[in-house]
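Dear colleague,

Please find the structure below. My notes on it follow.

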Amino acid sequence: MTIVKPINTVCVVDDDEIYVYGIKKLINLKQLCPNLIEFRNGKDAIEFLMNPENNDQLPDVIFLDITMPIMDGWDFMDNYAKIKPQLSKKITVYMVSSSINDEDIKRAKAIADITDYVVKPVSYDKLLKLFQLAA
Amino acid sequence: MSDETYMSIGDNPMGFYALADQYLVNQQLHNLIESTNTGLWERSITTNEAWWSPKFCELLGYAYGELESNYLIFIQKIVHPHDSEMVFNAFQSHLKTNTPYKVELRLLTKANGYHWYESSGKAWPDKDGELTRMIGGIIDIDTKKRNEIKLKRNEIQLRENNKIAHIGGWEFDTKTNDLFWSPEIYEIHELDHDTDINVSNAINFYEPPYRNIITTAVNNAIEHCKAYDLELQIKTAKDNVIWIRTKGVPIIDEHGKCIALRGIFQNINEAKLRELELHNSVDLLSDQNRRLQNFAHIVSHNLRSHTGNLQFMVNLFEEVSEVEDQKEIFNNIRTISESLANTIEHLNQIVKIQTEISNEKQELHFEDFFNNTINAIDNNVAETGAIICCDFTSCPTVNYVPAYLESIFLNLITNALKYRHPDRKPQIICETYLELGHTYLTFADNGLGIDLEKYGDKVFGMYKTFHKNANAKGIGLFITRNQIESLGGTIKIESTVNVGTTFIIKLI
């Protein structure tokens with residue numbers, strides 16, 4: 001199983017440790033991508049992206065949860081829109097949540113920087129598609 | 001001339017019977033009386049003898065001579081039964097005190113039922129100076145009288161209707177600044193009807209927040225010919241605050257200028273209070289609805305996230321071959337199973353709130369609950385070095401559901417300890433007070449504080465946590481709020497980041 005090269009780094013922003021463990025394990029197992037960075041809330045992720053020192057470590061894909069402490073997924077997107085022009089790389093953002101609430105889905109679709117809304121759980125097939133789409 | 005004629009009738013030396021003859025032979029007198037449409041009558045005061053002139057008979061639809069020349073029969077048969085006593089009394093008072101005899105009475109016409117007539121007359125002395133007879137005339141006032149009665153009835157009806165509807169009319173002359181109120185408006189203001197009223201003291205009856213509104217509306221009506229229709233509060237002369245509706249319409253002259261305002265003024269207090277109450281219920285209901293819906297989403301989200309993880313781990317378990325990995329995944333599955341049980345326990349707690357509402361309220365002492373809570377968490381208190389003090393002297397007791405009060409104390413004190421500031425020892429002050437008949441309970445801390453502008457609407461949401469804190473589960477405040485609101489209270493938060501947070505609870 002080979003995956004298109006460009007995806008070098010994936011970033012998971014989620015406070016659900018089991019989910020993050022699962023994603024990490026799956027990516028390693030299937031060798032989908034060599035680097036993975038993880039954050040437990042939106043604020044830590046934004047701070048990482050903003051820091052010019054991290055320029056060469058910027059992710060290709062972000063899997064963003066909605067419900068998180070300190071800074072949730074929505075607030076993250078507000079801040080992301082502000083810092084996006086300074087980023088040296090095009091990043092694909094997927095919103096990944098257990099919520100099947102219509103309001104959440106509509107709200108995510110209305111945000112231009114979000115490529116798609118993905119309902120958890122994320123299966124291997126789904127993950128693969130997301131990687132291909134982002135490549 | 002007529003005076004002379006009457007004089008000559010009264011002084012007629014030939015006696016009673018001669019009168020008719022004289023009347024009939026006096027052509028001039030006859031014509032004169034015909035022309036005024038006045039029928040003449042004459043009666044003896046001492047006997048029942050009477051005489052009715054041709055015009056008199058004609059006015060009642062009879063031929064001359066058809067009416068019996070008997071006063072008693074006239075009273076019994078021709079005068080309306082309801083009027084005969086009044087006629088008799090008027091006669092008596094004329095004879096005794098010489099008050100003018102002038103009555104309005106109903107007489108039975110020959111063919112058209114009762115008609116209204118005005119009858120007036122005068123008693124005349126005979127040659128010995130005795131008052132022996134009365135002479136007078138009647139005129140037909142039927143149309144006028146019927147209109148009058150109709151008008152009066154309408155007026156009474158209008159007034160009664162106004163009274164029932166608590167509605168009055170008013171008019172304001174923009175030139176003279178004269179303000180006229182109908183009686184019902186005085187009633188609504190609980191004012192004496194003869195009180196002097198003008199625009200400025202009328203406006204002063206309005207409660208302060210509404211004075212500007214009514215002043216602006218009146219000015220707009222006068223200057224821009226704009227009608228208004230407002231529901232406002234006034235304070236009556238007896239200090240009762242009531243809701244009224246006031247409607248004003250400009251009266252415009254041919255130049256398009258407002259010359260007067262006319263309008264209605266209605267007491268709508270009861271209806272308005274009911275409406276407001278209904279509004280409150282609707283607000284409360286939609287609030288509850290919103291909370292329920294929010295709750296349903298939370299349940300769905302939380303259960304889904306656990307089952308999703310479970311599915312995820314089971315699938316992964318099948319993929320991995322290393323024993324180490326399998327062990328790790330199994331541990332995760334165990335964690336999920338525990339979390340699932342916890343989540344369901346939380347949901348149970350929330351569902352229980354609704355069923356516990358029926359629990360008996362009791363007279364509870366704040367101090368007991370405060371002490372019990374401190375005892376229950378004394379480990380936590382000692383560990384954090386917290387200073388927790390209370391002052392319940394302003395309001396030592398409340399009638400409340402014991403389980404809820406316990407939960408409020410426990411949740412808010414542990415919440416304050418949980419979000420303590422790392423640089424200082426926690427201080428919590430817990431107080432009660434009474435305001436406008438409501439019992440308030442407050443918890444003030446010197447903790448981390450929270451950015452309300454950012455999170456204000458989410459503080460009491462389920463699983464909402466705002467700090468990097470391992471203990472933060474975000475269920476406590478959600479439950480506390482639901483319990484408080486289920487008993488009709490409210491909970492509010494005031495907070496400054498790095499200074500502290502105060503929760504203000506209106507219990508009842």
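Of the 39 residues in the largest nonpolar core, which touch the most other members? They are A:Val13, A:Val61, A:Ile62, A:Phe63, A:Leu64, A:Phe76 and A:Tyr94. Helix 1 (residues 17-30) of chain A provides the largest share of this core, 6 residues. Another core, of 28 residues, lies apart from it and includes B:Val401 and B:Tyr440. A nonpolar core is a set of buried Ala, Val, Leu, Ile, Met, Phe, Trp, Tyr and Cys residues joined through C-beta atoms within 7 Å; buried requires 20 or more other C-beta atoms within 10 Å of a residue's own, with C-beta atoms placed from the backbone.

This is a predicted model, in which local features need pLDDT of at least 70 and side-chain atom pairs pLDDT 80 or more, while totals for chains, interfaces and linings use all residues. Residues are numbered from 1 along each chain as its sequence is written, and chains are lettered from A and ligands numbered from 1 in the order in which they are written.

The contact between the chains takes 18 residues from chain A and 23 from chain B, where two residues are in contact if their C-beta atoms, placed from the backbone, lie within 7 Å. On the side of chain B that touches chain A, helix 11 gives the most, with 13 residues.

In chain B, strand 3 (residues 101-108) and strand 4 (residues 114-125) pair in the antiparallel sense over 8 bridges; pairing requires at least two DSSP bridges. Helices (H or I, at least four residues) and strands (E, at least two) are DSSP runs, numbered from the N terminus. B:Glu104 stands opposite B:Glu118.

Yours sincerely

How values were computed:
A residue is buried if 20 or more other C-beta atoms lie within 10 Å of its own, exposed if 12 or fewer, and partly exposed in between; C-beta atoms are placed from the backbone.
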